[in-house]
Structure formats: C-alpha cells, structure tokens
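Hi everyone, thanks for coming. Let me bring the structure up on the screen, and then we can walk through it together.

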Amino acid sequence: MDQHFSAAHRATRLLAIALAATVLAGCTSFFSGGGSRQGVSSSVVDYLYPKGAKFEPAQEGVPEVRLPARVGLMFVPSARTPAGLTGADRQQLLEKVRDTFKSQPFIERIEIVPDVYLRPGGGFENLEQLARLQGFDIVALVSYDQVADTGDTAASFLYWTIIGAYTVPATRNQVSTFVETTVFDVASRTMLLRAPGQDQRDAGSTAIRAMDARDALGRASFQAAMADMTTNLDGAIAGFRERVRNEGQVKLVDRSGGSWKGRGGGGSMQGWELAALLAALALLIARRRA
Amino acid sequence: MFDALLLERDGVLDGQLWRLWSGHLLHLDAPHAALNLAAMAVLAAIAWRIRQLGALLRITPVMMPLVSASLLLLAPDLHWYAGLSGLLHGWAAWLLVRHGGAVMWAGLVLIALKLAWGQMMPAAGSAAFPVIHLAHLVGACAGLLLAVPVRPRPGRTQRDRRAPPVAGGR
C-alpha cells in the first residue's frame, strides 16, 4: 500500500516538474520570440509592374528628358513600414535625399510627396497621374527591404529563472537594411539612374527588451542605409551624366528648346558700366587736350 | 556653329581646347553682343589713347584661355559660358595697372566695388539670361595677374617713357 502510494506520489511529482518546465519554456519563448525573422519591404518593381500588368514602353527610340526638371521624391508605397521608423523620421530622411538632388543644375525644383498620393501596385498610370497633378517630369522612388532576425544565444537557458529574462542579455538581434533610390523620367518611362544604400548591424538584449532593441536597431539601420544611399547618389548622378555623354542613353533637351547644356550663362556688361567707360575715355581725352 | 564654339565644360574635357578662346566671342542675344562690343570699343580706344593697344592685343590671346580655364575650375557646377565681359574686366584691370598712379587705385577700387555688388546681387540687371558674375571676377584677376609683372615703374607713365629727353639730358 505504501509502495503504491509512493509510486503515485513520484509520478505526480514528475508530472509537476514537467508541467513547470513546459510553462517556463513557454515563458522564455514568449519573452524572446523563440527565434524569429521579420521582414518589411517596398519594391519598386512590384509598384511599377504589378502582377498582370503588361509592359509597354511609352516611347520608341532614344527617350528625351526635358531639363531643368521638376522632380517628385517619395517612398514606394508599402503595407508596412520599417520597424521603429516614424513618419517624421521618413520625412527627415527624404529631406536629406532632396538636399543632394537640390544642388544639381538639372533640377528646377524638387518636392517630397506624401505616401497617400501613391497606391500599392499603382504602376506607371498612378505615377503619371501624380506627375500631371504636381507638374513633375521626373520621379525619384525610394524603396526598401529590411529583415530583422531575433534569436537566443547559449546563455538563454537562464531565462528559465524568469529573473534571467530581465537581466541577462542573451537575445541576439540582427537587422539588415537595403534601400534604393530609382529615378524615372515619367513621360518616357525610362529609368535614368539608381543609387543603393545598405546597412547591417546587430545588438544583444534581454528577452524582455528584445522587441524594443529590434525596433531601435531597425531605425538606426534604416537611417544608416539612407545615409549610405545619399552618398552613393552623388556618384550615380555623375555616372548618369557620363553615360548620357558617352553612350547617348537618353537625349537631354532644354525645356525652352534645343539641347540641354546644364547650368551656364553669359558674361554681360551693364549700361551704366558702358557709361562709366565712356566717361573715363572722355576724361582722358580732355586731360590730354589740357 | 554656336554649340561648337561655346565654352562648354564637357567639350573642353574632351579636348576641344579652342572653346577656351571661342567662348568669349559668342553672345546669347543681340543686346548682350551690342553692350559688350560697345564696351570693348571704348576700352580699345582708352588703350590706344594711353598707347597700350598693341600690348593689350598681344596679351589678349593669353588672357582668354586663362579666364576660361579659371572659370571652369572655380565653378565646378558651371557647364557653359559665353560672352566677352569676363575678358573685358581683364582688359580694364590690365589697363589700369599699366596706367599706374592714382587712376589705377581709383579704378581698381571701383572694379572691386562693382564685383562685390555683382556677387551680392546676382539677379540684378536686365539680361534675359543668367549672368555669370564669377566670370567678371576671374577676368579682373587674370588682368591683374598678367599686368603686374610688366607694370611700369611708379611715377612713369607710357607717355613719360616715350617723351624726348629734357634739357638736362643734353
């Protein structure tokens, strides 16, 4: 009888331990996400050429691009935004890209366009509507692809103590970001140039702070990738000029007619300067006679 | 023809060096050409009057590419330029230094004031095209640079040097 009781007691105890282990494991996997991978992306190809859309080049022969151009700058629309990135952050990042474009002589004006003007998968039709509405000749589309990985390191067994989940940084967070600005001439539907930027970074965190750490990492990574892209943009613009000159990829035409020559002008004397010179000559003649 | 002679950065980089000279001779419209040619005629008359016309014409083929190359170097975003006024500022500065004396200093101060005004008020003026004020500054500097090494000694103008010896010299 005693033996039977002790066997039942042992079985109950084992069951309780197994239950506790399962609950604790469940807790830690709740804290850390149990090793997860999340991605967010906005693809320029998906936006411009949605499924079912037929590719139709708008112009035969060498496309003509009218300059100085009016440019619209915007993010490619996406259902989800990168982790930790606020609307203000996105605006600030686009402003940095705008500053790079602004200094270019082929740009008359450049405006940042809010996301609401574009619809996911809108294609060139959506882009042309926007261009007509805002008077753009060229659009610069910023697309992104961000992947965030979260996983536990060997020290994560300490999460079983519950306290470990709050104190031991045994969760590894890794974020990879790729961004790209693709510039299109709307009328000819021609891609003029593209400039990529990328960043990869990782950081450890406690299980309980894993989500916050991943968001902060995602935000920092996105900003770094945008900065990298902005640097590359200068080179891409220089490369575009070179290609136009050497390969005749597109024909640059002046908005007012003729071929585009870039920033330039004339050196001109003013009427009052001519008058001053005439006065000087008159004085010289008068002095000689005196 | 116009495109082949314009001072154009890409063309110069491709080896079309004649643009360093020919760009000065092109103008963007009739008023532009008329004003610059009139100013050139007056400056030539002044040069002739102070007996410096020959020297000025000899230095001009050197001054033209100096102004053009300096302009392209100092304004990397400038792609093209046309007009005589950069060269004419060079002529004016060169003539003032060759003349010397108080006239030189007064003239150079006036040119400096005019250049400063041009930099501060780039949009002022009636031209129908963008005026490249840097060309004027570069031109004046080129004129000074070319004139200073051959400037007559202070107190002696060209007329003094050409004048026959005075009584004491006999």
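Here is something to start with: at roughly what angle do the axes of α6(B) and α8(B) cross? Keep in mind that this is a predicted model. The answer is roughly 35 degrees, and the two axes come within 7 Å. If you look at the handedness, the crossing of α6(B) and α8(B) is right-handed.

Let's see who takes part. On the α6(B) side the contact includes B:Trp91, B:Trp94 and B:Arg98, while α8(B) brings, among others, B:His136, B:Val138 and B:Leu144. Sorted by class, the contact of α6(B) with α8(B) holds 14 nonpolar, 7 polar and 1 charged residues.

Now turn to the other partner of α6(B), helix α7, residues 101-120 of chain B. Here the axes come within 7 Å as well, and they cross at roughly 155 degrees. Angles over 145 count as roughly antiparallel, and therefore that is what we call α6(B) and α7(B). This crossing is left-handed. From α6(B) the contact takes B:Ala92, B:Ala93, B:Leu96, B:Val97 and B:His99; among the residues on α7(B) are B:Val103, B:Met104, B:Leu108 and B:Ile111. The classes here are 8 nonpolar, 3 polar and no charged residues.

How many residues does each chain give to the contact? Chain B gives 33 and chain A gives 21. On the chain B side, the elements that supply two or more residues are α4 (30-49), β2 (80-82), α6 (85-99) and α8 (133-147). Our friend α6(B) is on that list, and α8(B) is too. The biggest giver, though, is α4(B), with 10 residues. By class, the side of chain B that touches chain A has 20 nonpolar, 9 polar and 4 charged residues.

There is also strand pairing between the chains. Please look at β9 of chain A, residues 264-266: this strand pairs with β2(B) in the parallel sense, over 3 bridges. If you want one pair to find on the screen, take A:Gly266, whose bridge partner in β2(B) is B:Ala82.

Last, a quick look at chain A as a whole. The chain has 7 helices and 9 strands, and 31% of its 290 residues count as buried. Of the contacts in chain A with a separation of 6 or more, 80% are between residues 24 or more positions apart.

Definitions and conventions:
Residues are numbered from 1 along each chain as its sequence is written. Chains are lettered from A and ligands numbered from 1 in the order in which they are written. This is a predicted model: local features need pLDDT of at least 70, side-chain atom pairs count only at pLDDT 80 or more; totals for chains, interfaces and linings use all residues. Helices (H or I, at least four residues) and strands (E, at least two) are DSSP runs, numbered from the N terminus. A residue is buried if 20 or more other C-beta atoms lie within 10 Å of its own, exposed if 12 or fewer, and partly exposed in between; C-beta atoms are placed from the backbone. Two residues are in contact if their C-beta atoms, placed from the backbone, lie within 7 Å. Ala, Val, Leu, Ile, Met, Phe, Trp, Tyr, Cys and Pro count as nonpolar, Asp, Glu, Lys and Arg as charged, and the others, Gly among them, as polar. Two strands pair if DSSP finds at least two bridges between them. Axes are lines fitted to C-alpha atoms, for helices over the stretch in contact, and angles run from 0 to 180 degrees between N-to-C directions. Angles under 35 degrees count as roughly parallel, over 145 as roughly antiparallel, 65 to 115 as roughly perpendicular and the rest as oblique. A crossing is left-handed if the near helix is turned anticlockwise from the far one by less than a right angle, and right-handed if clockwise.
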